[in-house]
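Subject: Model for you to look at

Hello,

Here is the structure I promised to pass on. Please open it and follow along with the notes below.

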Amino acid sequence: MTKAQEVAADLRDRIVRGALTPGDPLPSESKMMAEYGYSRETIRAGVRVLVDEGLVVTGQGQGKYVREDYPPVVWNWSTLESRSRHENAVEGQTAGDQWASAVAEEGKDPRQDISVSIVEPPRHVRDALALPDGGLAVARKRIRYVDNRPYALADSYFPQDLVAGTLLMEPRDVSAPGGVLASVGLIQAKYRDEIAVRMPTKQEAELLALPAATPVAEHTRTGYDADGKPLRCMVTILPGDRHKILYEVDTD
């Protein structure tokens, strides 16, 4: 190993063994120079290896810290937003926003920052909603927090002509018995899911306060009525260090 790799290997071992725990600062560069007997540049190169691996993050100033653990949220996308879940919702427990109620069921505190606008959606959303070139959609964009930490981005797009004048135009948490779409006669009978795993964009990394080397899953769910007409396309960005996605699939 190079000298920098030796530094990285020793610090990595300390983190794995628990000698350095999540949130702990690394020893100062001066202390590590004295401990390892290497130059400042070699120490920095070794620490950069761990930053690139996602084990170490940069704090305020020049400090380096062991990356904090995020308690994972498990999403059962087979049942989340299901009609039975809406129909069996219990006021004060599972009623209202289905994401928020699922988080609350795990004993965590959910919160959302919501904005609403009328936009020309991204191409893949436009195609999913079968909109013409230049077609407009209502976009409900949410930053979702769990215990006051940013956990996910969730952008829902609806054809403008379908939801104009409904609760979905309001920039706040909204709900209705059976779901807001169903309350205005737009019943989602089928979902189509796509999952892509990639590195985040600069904006996503900033909104979610992502440390370096954090991949995200992009989950796109399109909802259709019984005739196959698309009613909604939701794009959720899920950081890989704080989520598990669960599906239950019948063998039929």
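A word on terms before the helices: axes are lines fitted to C-alpha atoms, for helices over the stretch in contact, and angles run from 0 to 180 degrees between N-to-C directions. Bear in mind that this is a predicted model.

**H1 and H3**

Start with helix H1 (residues 3–17) and helix H3 (residues 40–53). Their axes lie 7 Å apart, at an angle of about 50 degrees. H1 and H3 are therefore oblique to each other. The crossing of H1 past H3 is right-handed. On the H1 side, the contact is made by Lys3, Ala4, Val7, Ala8, Leu11, Arg12 and Ile15. H3 brings Thr42, Ile43, Ala45, Gly46, Val47, Val49, Leu50 and Glu53. By class, that contact of H1 with H3 has ten nonpolar, two polar and three charged residues.

**H2 and H3**

Helix H2 (residues 29–36) also packs with H3. Here the angle is about 105 degrees and the axes are 9 Å apart. Angles of 65 to 115 degrees count as roughly perpendicular, and H2 and H3 are therefore placed in that class. H2 uses Glu29, Ser30, Met32, Met33 and Tyr36 in this contact. Arg40, Ile43, Arg44 and Val47 answer from H3.

**H1 and H2**

What is the angle at which the axes of H1 and H2 cross? Roughly 110 degrees, and the axes come within 12 Å. That makes H1 roughly perpendicular to H2. Val7, Asp10, Leu11 and Arg14 of H1 meet Met32, Glu35 and Tyr36 of H2. This contact of H1 with H2 divides into four nonpolar, no polar and three charged residues.

**The second largest pocket**

By class, the lining has seven nonpolar, three polar and seven charged residues.

That is what I have for now.

Best wishes

Note on methods: Residues are numbered from 1 along each chain as its sequence is written. This is a predicted model: local features need pLDDT of at least 70, side-chain atom pairs count only at pLDDT 80 or more; totals for chains, interfaces and linings use all residues. Side-chain values use heavy atoms; hydrogens and water are left out. Ala, Val, Leu, Ile, Met, Phe, Trp, Tyr, Cys and Pro count as nonpolar, Asp, Glu, Lys and Arg as charged, and the others, Gly among them, as polar. Helices (H or I, at least four residues) and strands (E, at least two) are DSSP runs, numbered from the N terminus. Angles under 35 degrees count as roughly parallel, over 145 as roughly antiparallel, 65 to 115 as roughly perpendicular and the rest as oblique. A crossing is left-handed if the near helix is turned anticlockwise from the far one by less than a right angle, and right-handed if clockwise. Contact means heavy atoms within 4.5 Å.
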